[in-house]
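Morning, everyone. Please look at the structure on the screen, and I will go through its sheets and then the surroundings of the ligand.

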Amino acid sequence: MKKPYYLSLEPLVPWKETERPCVWARRFGREAPIELEIGFGNGSALVERARAHPERHFIGVEIFWESVKRALRRAAQAGVTNLAIVQAPARPFLERLVAPRALSAALCLFPCPWPKERHAAHRLFSKPFLEILNSRLADGGETEIVTDFEPYRDWLLEQVPGTGFEARSEEIPASYGTKYEHKWSDLGRERFFRIVLAKREHVAIPSMRDETMRVHTIDRFDPERFEPKGTTGVPTVQFKEFLYDPQRRKGMLRAFVAEEGLQQHFWIEVAEVEGRWKIRPAEGSGLLPTAGAQLALDLARDSAAG
Ligand SMILES: C[S@@+](CC[C@H](N)C(=O)[O-])C[C@H]1O[C@@H](n2cnc3c(N)ncnc32)[C@H](O)[C@@H]1O
């Protein structure tokens with residue numbers, strides 16, 4: 001074990017266990033404009049803005065756990081209380097945790113550029129992403145994106161038509177002091193590309209609701225013959241391994257599910273209960289109830305019953 005890592009977990013929002021969409025005013029204990037930072041890295045800009053503007057609320061969303069820890073430590077050192085940090089991919093976060101028109105502004109500094117043309121599909125600010133971002137911004141709200149990569153700027157501007165945003169773009173010097181800005185400045189770069197997207201029309205996308213998961217019950221189950229098959233396409237389901245405890249008559253199936261903008265690993269339990277076999281999400285597996293998760297349960301049932 002490494003040395004203990006001291007930080008406050010107070011700002012951390014466990015997005016799969018929290019109410020969706022989140023009532024942010026209740027979480028923060030008061031009403032205030034909410035600004036979102038996407039992909040905050042070590043959190044330097046996020047925490048500094050939270051410190052400089054105690055009258056506003058800030059939410060940071062970031063996929064990388066090491067970054068989340070760094071930001072939590074910075075937040076604790078700065079003593080800010082107007083900050084929430086969510087470890088999640090930005091798109092399902094916006095779809096599920098943020099109600100329409102809930103944000104006053106959004107910021108993303110140096111989104112992953114995916115410089116190779118064949119990887120462009122991985123870039124975050126695609127048209128569908130801009131649409132969900134638009135729907136979660138208040139009318140007149142703005143999104144600011146800064147990149148060092150000119151082709152990303154050009155690609156992003158191509159995504160804008162039809163998303164309810166009006167774009168303006170300018171070249172700026174280093175202005176934010178983030179790790180990635182330093183990285184490029186140290187390599188001699190002096191100009192960066194700032195794109196501001198102003199919301200002009202509302203794109204109506206309601207909060208995405210959780211699926212009500214249907215669990216399965218079957219009469220017989222033979223672990224020796226249990227070989228569940230996944231499926232490709234959207235959603236994709238893969239089954240990774242099956243562990244079985246004959247004493248407790250209980251098995252655990254590890255599943256991976258990929259659907260629009262969301263990937264999940266979780267465990268499915270196949271357990272004997274009062275003479276019959278239940279197939280259901282394992283307790284504590286941190287599952288987000290989605291159509292893909294349901295499909296994984298259904299495929300497990302098909303194999304178990306067959
Ligand atoms: C190039 S780094 C920039 C970090 C920071 N903003 C800076 O300027 O130093 C991009 C960051 O975006 C995060 N990221 C990538 N895709 C994301 C997504 N879908 N949702 C949230 N964060 C994401 C990465 O983990 C990484 O921390």
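In what order do the strands of the open sheet of 7 strands come? The order is S3-S2-S1-S4-S5-S7-S6, and the pairing is mixed. Strands here are DSSP runs of E with at least two residues, helices are runs of H or I with at least four, and both are numbered from the N terminus. Two strands pair if DSSP finds at least two bridges between them.

Before I go on, a word on the source. This is a predicted model, in which local features need pLDDT of at least 70 and side-chain atom pairs count only at pLDDT 80 or more, while totals for chains, interfaces and linings use all residues. Residues are numbered from 1 along each chain as its sequence is written.

Back to the sheet with mixed pairing. Strand S3 (83-87) and S6 are at its edges; each has a single partner strand, so one side of each has no neighbour in the sheet. Axes are lines fitted to C-alpha atoms, for helices over the stretch in contact, and angles run from 0 to 180 degrees between N-to-C directions.

Helix H5 (residues 127-136) packs on this sheet and touches strand S4 (103-109), S5, S6 and S7. Contact means that the C-beta atoms of two residues, placed from the backbone, lie within 7 Å. The direction of H5 makes about 135 degrees with that of S5.

Now some pairs. Strand S6 (residues 165-172) runs antiparallel to S7, joined by 8 bridges. Phe165 is opposite Lys199 in S7, and Ala167 is opposite Leu197. Strand S5 (residues 137-147) also pairs antiparallel with strand S7 (residues 192-199), over 6 bridges; Val146 has Arg194 as its bridge partner there.

The other open sheet has 5 strands in the order S8-S12-S11-S10-S9, with antiparallel pairing. Strand S8 (216-218) and strand S9 (236-245) are the edges.

Last, the ligand. Which residues come nearest to the ligand? Of the 20 residues around it, they are Gly39, Gly41, Ala90, Thr178 and Tyr180. A residue counts as near if its C-beta atom, placed from the backbone, lies within 6 Å. Strand S2 (57-62) and helix H7 (179-186) each give two or more residues to this shell, and H7 gives the most, with 3 residues.
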